[in-house]
Amino acid sequence: MSSVELLQIWIIAFFTLALFSFLYKDNPVYKLAEHIFAGLSAGYYVGLVWDTVIITQLWDPMLAGDYWLVVPGIMGALMFTRFSPRFSWVSRVSLAFVMGVTSGIFLVSQLHGLVLPQMQSTMQSLGTDNGIGAMFLAIVVVIGVISTLIYFYYSKEHKGVLGVTARIGIWFIMVSFGAHFGYTVMGRVSLLIGRVQFLAEDWLGSFSHIF
Amino acid sequence: MSFWKTIEDIDRRWVYLMVGLAVIIPFIFPTEFPISITPETQMLYDAVEAVPDSSTVMVVFDYYPSTIAECQPMSVAALHHFFRKDCKVITLSNIPLGGPSMAETVTRRIAPLYDKEYGVDFVNLGYKYGYVAVLSGMGTSIESIFPTDNSGTPISKLPLMDSVRNYDQIAFIFEVADNATADYWVSIVNAQYGVPMCCGTTAVGAPKYYSFVQAGQFVGLLGGMKGAAEYEILLSKPANAVLGMGAQSLVHLLIIAMVILGNVGFFASRRNKRKVTP
Amino acid sequence: MRTTVPVAIAFLSGFLMVVSFFFREEATFIGGLSQNLLIWLTIVGGFTLLLGVVSITRVNWNAVKARKEGWIFKVFTLVSIFAMAVPAVLPSSWSPLFGRAEGSIYDWLFTYLDMPMMATMFATLAFYIASAAYRAFRARTAESTILLVTATVVMLWRVPMGEAFLNQFPGDIPTFLNTYIMNGANLAVQRGIIIGAALGAASMSLRIILGIERTYMGKG
Amino acid sequence: MICRLVYSTVRKILDMALLSRPLTLVCLVLIDSQPVLAQTSSDGAFRTDRINALILIAVFCAAVLLYTRWARQGRPLFLRKIPGLEAVEEAVGRATEMGRPVLFIPGISELDEIETIAGISILGRVAKITAQYDTPLTVPVRYPLVLAAAQEMVEQSYVEMGKKDSYDKDIVRYVAGEQFAFTANVNGYMMRERPATNIYMGAFFAESLLLAETGNAAGSIQIAGTARPEQLPFFIAACDYTLMGEELYAASAYLSHEPLMLGGLKGQDFVKMLIVAAIVLGVILVSLNLGGDTFLEWFEAV
């Protein structure tokens, strides 16, 4: 292991332990790590935007003769008027463009790409053609979807039939949330395992090279 | 009563300490348990197997470095799988923070194992702002959205990209995501361009995507580290995800034990209260 | 002027995207136009990423200048921003330390400081989730009991040791869980939520396109 | 000027096309779509195979716009009471009694997220209560645009309650752009200042539990609301009250009585019922073999 590698491992270990230290108590080392973290993450965007947007997407194609790109370039630059109290309204133009295009795609893709297919695959046969198990599953899905939709229906009081359906809905919702919680525990633990793998193997391993 | 009260009001730092120990112990005393394969993983494996050899596919790195432990094993396994099948791989990312560099590092680590060459067998397109625009735009022309690859080489100079114009030339998309970008791959690319795709996602995201699998919008699903471990087993390439399963097991059991203990305490102290105040 | 122009732009660009969805891209003028708008969006939008950087620099700079409490920490934030940003925008032809490629300062700071810190912040969640489960998971009502039981069983099922335990019981519990819980009840609820959320997002988009919703424009 | 003209003309055309005859459009879905759908994949420029999406979009837009118009005209539109809304007011009241601050986080997403907008409108209501009782309020945000919108909202609330003097620009403050840097900072604040009440309303991600657990450790009363299903279990586990999913939007519409929000919600409700009806119809047709497959084709996304 070279001394550079050793240094790198110790730097990672220092910041890892600094952030974990908050679990015990708030402390200055944690605070230091927290502030460096905020700065680095912000700085990362500068390099990324400079390279992937300004150079490759804007500057190079413009030199190659695509002069129309002046328009989005100016619009992008106008975003910064946001910081001047007098001219901040100008940035709305750029923002409106971003919001407009995104909304246009969203309006269509949400209804077309999500609502239609999800409705379609809910319309399953409740018959016994595919066996009792499949029938039971189809019933669970159909009732679950409908009762969930009803639970999130606000135009009527949840009384009578609507009330009963909404009540079934909340039970379904709790089953799903429970499943979600169980699943998520796995995810979070995995990430901790990742850090412990580093600390146990790389960092503790490096001790033998020093001492 | 006081015993249960103490148990219930225990300082949370003791809990943290126990979790820490539960993660460390399996690394010292490793134990192995058989890993069963869930149908969603099997479906994903079969679907990737069914992709024609030597066709062009996309492997998407839509995750932040923070979830590397869960997501990276999936991308690694996917790359093994596609390279083994001699597929041409295009990688890209919709994650500004770290996405493109992870794609670069991982792919360049795996490719030499299969004698794959950059530009001919695989290409890293990198990152562009605005996933909605990127996903829609590539439907017409990939080059218009990504004029260059991640390191600034013009797309026209990469032999692999000669035959690839838009989604029509992509046989399969392997999305690995730790966030909602997977939804947009479904609602835009799958719905409008009909490219078959599957998804590897964190355990947090997985429950939502069962619905997409059943609707046929995803042909398979890997849920969290367990899903990754199953895929590694199917590929006969056990790696990090399989290794992590021991620690995973112990922490799960610890948390379950704590939930049970907490509830016993809750009921016990409630009964005691009833006794005290009739 | 200050409101009308942005509203008109949002309307025109949004409406164009909606219309182009119903026409073949290659065959029509509108298809080509919408493709151009998408390219523009990747450029204009890219700049919004920088707004946050300017904000955080300003906030910290002001705090340091006014010697507010804890200003010394803010100095570290400012130094970190510049250490990351400045070498990244300098051309790599000057020195291999500049630019974004492997071996650059930018890449080094990201790999050895930023990335591990992100992963660590996320990893602390494992501790929090354990203490939340211990403290808050109580069978108080019928609903919370359902939540608790499902969570526990799914937790068992998702790890090899737990699965081995579940297999001790009669009936194929893992298959039952996968079929009727994950692909049954869970799937149904998620689908209901997906549909509801899609309607919500679509309604928001519609209102933005028509200029009814203007909150995003903020003050001024 | 020209922009305005174009805009108002198109708007009028849309209004006429969509608002005047929503019922006709609904009928269209049920009667007319089948023959049109039959002739899919023609090679013309217009995608006839996407006519089903067109119809859905048209019905949806019509419903939302119609209800929005009604709401603006002041027609009484019923919304059921959202349980948990009183909880918000009670929790702020408790902070007043204890003389400790209220912490409000309008999510960590950008202003283009519907949840953020809902969160900010709930913030308006909360700020009115804190203004009335002179309770300190802190609102950390993660985006410059959210900062501007939230500042404006809080200022307006204080002015409306006649407390312009007690409004401080630093009530709403920009913290950090990175998700966990933001969380780390807010967590630090919670442990140091120990607010009596924490309210989380908006889009939350992995930080949900980090915030809620720390808040709990600091002994605060906590109320949360988010539409993210994956984060709801954590809020439910760690907070005293949680608004689930669309309850967040309903709450903001209910509290603000803003016709825009109300109209949107009512329109969505209307379409939701159509969807339920269509699913029931589809299930019946498929189960009884009454041409269900043809019916299913209407929902094919291409």
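Predicted model: local features only at pLDDT ≥ 70, side-chain atom pairs only at ≥ 80, totals over all residues.
1. **Chains A and C.** Let's begin with the contact between these two chains: 92 residues of chain A meet 101 residues of chain C. On the chain A side, the elements giving two or more residues are α1 (3-20), α2 (28-63), α3 (70-78), α4 (91-122), α5 (132-151) and α6 (160-210) of chain A. Sorted by class, that side of chain A has 62 nonpolar, 24 polar and six charged residues.

2. **Chains C and B.** Chain C also touches chain B, with 47 residues of chain C in contact with 48 residues of chain B. At least two residues of the chain C side come from each of α2 (29-65), α4 (105-136), α5 (142-157), α6 (160-166) and α7 (173-209) of chain C. The largest share belongs to α4(C), which supplies 14 residues. The chain C side of this contact divides into 29 nonpolar, 11 polar and seven charged residues.

3. **Domains of chain C.** Two domains are assigned in chain C: domain 1 covers 1-89 and domain 2 covers 137-220. Their C-alpha centres are 33 Å apart. Seven residues of domain 1 of chain C are in contact with six residues of domain 2 of chain C. On the domain 1 side, the residues by class are five nonpolar, one polar and one charged.

4. **A helix pair in chain C.** The crossing in which α1(C) passes α2(C) is left-handed. From α1(C), the contact uses C:Ser13, C:Leu16, C:Met17, C:Val19 and C:Ser20, while α2(C) brings C:Ile30, C:Gly31, C:Leu33, C:Ser34 and C:Leu37. By class, this helix contact has six nonpolar residues, four polar residues and no charged residues.

5. **The sheet of chain B.** Chain B holds an open sheet of six strands with parallel pairing, in the order β3-β2-β1-β4-β5-β6. At the edges are β3 (122-127) and β6 (221-223) of chain B, each pairing on one side only. From one strand to the next, the twist averages 15°. Within the sheet, β1 (residues 56-62) and β2 (residues 88-93) of chain B run parallel and are joined by five bridges.

6. Helix α9 (residues 181-193) of chain B lies across β1, β4 (172-177) and β5 (197-201) of chain B, and runs at about 160° to β4(B). Helix α10 (residues 206-214) of chain B lies across β5 and β6 of chain B, and runs at about 165° to β6(B).

7. **Domains of chain B.** Please note how the domain assignment treats this chain: domain 1 of chain B is made of 2-30 + 245-276, and domain 2 of chain B is 39-238. Taken over C-alpha atoms, the centres of domain 1 and domain 2 of chain B are separated by 40 Å.

Terms used. Residues numbered from 1 in each chain as written. Chains lettered and ligands numbered in written order. Helix = DSSP H or I, 4+ residues; strand = E, 2+ residues; numbered from the N terminus. Nonpolar A, V, L, I, M, F, W, Y, C, P; charged D, E, K, R; others polar. Domains from an automatic or database assignment. Left-handed = near helix turned anticlockwise from the far one by under 90°. Pairing = 2+ DSSP bridges. Axes fitted to C-alpha atoms, helices over the stretch in contact; angles between N-to-C directions.
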